[in-house]
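The paragraphs below walk through a protein model from its sheet to its helices and then to its loops. Please keep the sequence and the coordinates open while reading.

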Amino acid sequence: MSLHSLALIENWPVPTAAAAVVRADGTVLGSYGPTGHRFPLASVTKPLAAYAVLVAYEEGAVDLDEPAGPPGSTVRHLLAHTSGLAFDEHRVTSAPGERRLYSNAGFEQLGDHVAKAADIPFAEYARQAVLEPLGMTSTALDGSPAKDGVSTVDDLVRFAAEVQAPRLLDPRTVAEAMTVQYPGTKGVLPGYGHQNPNDWGLGFEIRDSKSPHWTGSSSSPRTFGHFGQSGTFLWIDPDAGVACAALTDRAFGPWAIEAWTPFTDAVLAELAELKSGG
């Protein structure tokens, strides 16, 4: 089976693009473009890093509510972008839990925290905890756990199937990761402006009623995932029962804001039509 809607990436003003849609059981419903091509993930690195942190939590290496990052902050604060750390600097700009300050620095401190607790470099921990068990052989999280990952659509499809039907984690842990942490917290969603509330789970952004947004206008409020400044995204829509990954090699900008929402709407519409036997 192939989804015709995925061919819309042909019209994106990017040199290279690949996309795929996958169900919880790992069935790839459709793919388009060079799905084995390695792309820089930018911030789509964060959900992969967060999953490794959650494995560390389940293994007892760290606790979600133990101190980590700036004074008063915890592992949970760092995962939910409420530690008070600035965007790209290891500088505190507000008290923990006060505002949703999207922070690369926070994820870097998370990586350091897990590396110290597990006594192993974070990239290696992530490889052993997540990438290797899922067969994500083309993925690496070397460098910053906030933004330096590289991967392929084929590998992200494996990850997206795992998140929808967890084997590496207790399903309750994943349910927590896609549940709003510190409800009612407002902040800026990079590229999409101020959101009130700016809902976030543990390492995953939650769509809820945000507008504008990078997912579809028809995406369910429960949709969660991440997009990256390298023109990449991964969303999981529990109501539609599918996930979609798209990777490109052109930096995020107005082109993505224009292209991504109609693309996702077309994918969801085609899936709904197939479901109803249309």
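In what order do the 6 strands of the open sheet follow one another, and is their pairing parallel or antiparallel? Before the reply, some conventions: this is a predicted model, in which local features need pLDDT of at least 70 and side-chain atom pairs count only at pLDDT 80 or more, while totals for chains, interfaces and linings use all residues. Residues are numbered from 1 along each chain as its sequence is written, and side-chain values use heavy atoms, with hydrogens and water left out.

The order is β2-β1-β10-β9-β8-β7, and the pairing is antiparallel; helices (H or I, at least four residues) and strands (E, at least two) are DSSP runs numbered from the N terminus, and two strands pair if DSSP finds at least two bridges between them. Because β2 (28–32) and β7 each have a single partner strand, they stand at the edges, and one side of each is left without a neighbour in the sheet. Helix α5 (residues 153–164) packs on the sheet and touches β1 (17–23), β2, β8, β9 and β10 (242–248), where contact means heavy atoms within 4.5 Å. The direction of α5 makes about 25 degrees with that of β1; axes are lines fitted to C-alpha atoms, for helices over the stretch in contact, and angles run from 0 to 180 degrees between N-to-C directions. Within the sheet, β8 is joined to strand β9 (residues 232–237) by 5 bridges, and these two strands run antiparallel; Gly225 has Trp235 in β9 as its bridge partner.

Turning to helix packing, the axes of α1 (residues 45–58) and α3 (residues 104–118) come within 11 Å and cross at roughly 35 degrees. The contact is made by Lys46, Ala49, Ala50, Val53 and Ala56 on the α1 side, and by Asn104, Phe107, Leu110 and Val114 on the α3 side. Sorted by class, this contact has 7 nonpolar, 1 polar and 1 charged residues (Ala, Val, Leu, Ile, Met, Phe, Trp, Tyr, Cys and Pro count as nonpolar, Asp, Glu, Lys and Arg as charged, and the others, Gly among them, as polar). Helix α3 also holds Gln109, which, leaving aside neighbours within four places in sequence, is in contact with Gly69, Pro70, Leu78, Leu85 and His90.

The loops remain. In the one between β7 (205–206) and β8 (224–228) lies Ser219, which counts as buried because its relative accessible area is 7% (buried means under 20%, exposed over 50%, partly exposed in between, with a 1.4 Å probe and protein chains only). Not counting residues up to four places away in sequence, Ser219 touches Arg207, Asp237, Thr264, Asp265 and Leu268. The loop between β7 and β8 also contains Asp208, whose phi is near 45 degrees, a positive value in a residue other than glycine, and Pro212, which is joined to Ser211 by a cis peptide bond with omega of about 0 degrees. Another cis peptide bond runs from Asn196 to Pro197, with omega near 5 degrees, and Pro197 is placed in the loop between β6 (193–195) and β7.
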